[in-house]
Amino acid sequence: MEVVRRARQLLDTVALPLSVALLGASGWRAWQQYRATPPAETLPTPVTVDSVAREGAPLVSVLVAAWNERDTIGALIDSFESLTYPAAELILCAGGRDGTYELASQRASDRIRVVYQEPGLGKQRALQRCYAEAHGSIIMLTDADCRLVDEAFLRLLAPILQGEAEVATGLSEPGEEERRAGLVHYQWLIDRWWHHQLPREGDGLHGRNCALTRAVLDRVGAFETHVPTGTDYHLSQSLRQAGYRIRVVHDSRVVSEYPAEAAGYLRMYERWHKNLLILGPRFGAWMDVRRVLTAFGLYGTMVALPFAAPLVGRIAPAASGVLLATALLQRLARASAGARLAGEPISSSLVLQAAQATVLDITAVFLAMYATLDPRRRGRW
């Protein structure tokens, strides 16, 4: 017992200086990450249809699964009709209790086709319905809450039209008005940092903004596999497994809705983590699975440590605090780097946004683990 008592006294003695040292190291690493980021991104040179489609303009089919999207579907259709690319069609599989199908059907034309999405069909089978109606040699995928941007559309297609790639993925960003909301602003800055880190060739598709040839899509199954959740991840892994390279088009960014409330943010990240845990093993993507499990282990340890204080002393809550502060500093560094890329000053509100996101990210990992283990929640979108 005397040995245990002395060990606990030693741990209590080193708890504070060790915590300060570890936090200092985390802060220094975050500062270095921020300083390594360029002060601002340069604007890309504008492109035109003629500069992109030099050998002609093959038909591009834009596929969208729209469920309960009455508030956004009109803006998507408007944005499609404003595109300057001369050979494009929009195929919508629309449904829901809010009248999405009825509203979309009113906009049907020779370039816009609308098919009904039955309840319970899901995104994967809805896209399968869209694909059956599509005639284009190039297939673009986007979401119903996105707004297509002419320049982003042309930039996405350029590598395929010019024979440099068979699969291309762009990125997304919230609209200027939406960025004013605190949580959306934080996500936008994180995306700016993340986009800057992406290499020329990536390992995944951004489902809001990607395109590939019809021939490639047919070779990897063309939405035939039943996938209750994780359509974009499943397609990305199918392409990787088949040996296809995915060109990342950094300057192609569609405008998309980002969750402005905590509940929507949690649902989105819970679903993303759950998709990795469920679909990752199917493709041998163990690094993706390990990433979620590592986060769960660290966050679980962080939550459990304070309860061990009666046994091991102050070192337990101190270690928990260090883990939490490190998670916050990591997010703050990335958001600050995103602000630097966007040419924005770093405000005090960014600290609050990063703190909120830290708590939500931790919660989302726990929810994803629960959803993965619960048969009723595994297939829920």
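Helices (H or I, at least four residues) and strands (E, at least two) are DSSP runs, numbered from the N terminus. The structure is a predicted model, in which local features need pLDDT of at least 70, side-chain atom pairs count only at pLDDT 80 or more, and totals for chains, interfaces and linings use all residues. Residues are numbered from 1 along each chain as its sequence is written, and side-chain values use heavy atoms, with hydrogens and water left out.

Arg377 belongs to helix H15 (residues 375-378). Its relative accessible area is 19%, and Arg377 therefore counts as buried (under 20% relative accessible area; exposed is over 50% and partly exposed in between, with a 1.4 Å probe and protein chains only). When residues up to four places away in sequence are not counted, Arg377 touches Glu270, Lys274, Tyr370 and Ala371 (heavy atoms within 4.5 Å).

Helix H9 (residues 231-241) is mostly covered, with eight of its eleven residues buried. Among them are Thr231, His234, Leu235 and Ser238. Gly243, which follows H9, has a positive phi, near 90°.

Two cavities of 30 Å³ or more are present. On a 1 Å grid over the protein atoms alone, a cavity is a set of points where a 1.4 Å probe fits but cannot get out, and lining residues have an atom within 4 Å of a point. Grid points are joined across faces, edges and corners, and a volume is the space filled by probe spheres set on the points. The largest cavity holds about 70 Å³. H9 gives the most to its lining, with four residues; the lining also includes Gln124, Phe223 and Glu224. By class, this lining has four nonpolar residues (Ala, Val, Leu, Ile, Met, Phe, Trp, Tyr, Cys and Pro), one charged (Asp, Glu, Lys and Arg) and six polar (the others, Gly among them).

The second largest cavity has a volume of about 40 Å³. Its lining includes Leu63, Lys123, Asp143 and Asp232. Strand S1 (60-67) and helix H5 (122-133) are the elements that give two or more residues to this lining, which divides into four nonpolar, two polar and three charged residues.

Notes: On a 1 Å grid over the protein atoms alone, a cavity is a set of points where a 1.4 Å probe fits but cannot get out, and a pocket is an open set with protein on both sides within 12 Å along at least five of seven lines; lining residues have an atom within 4 Å of a point.
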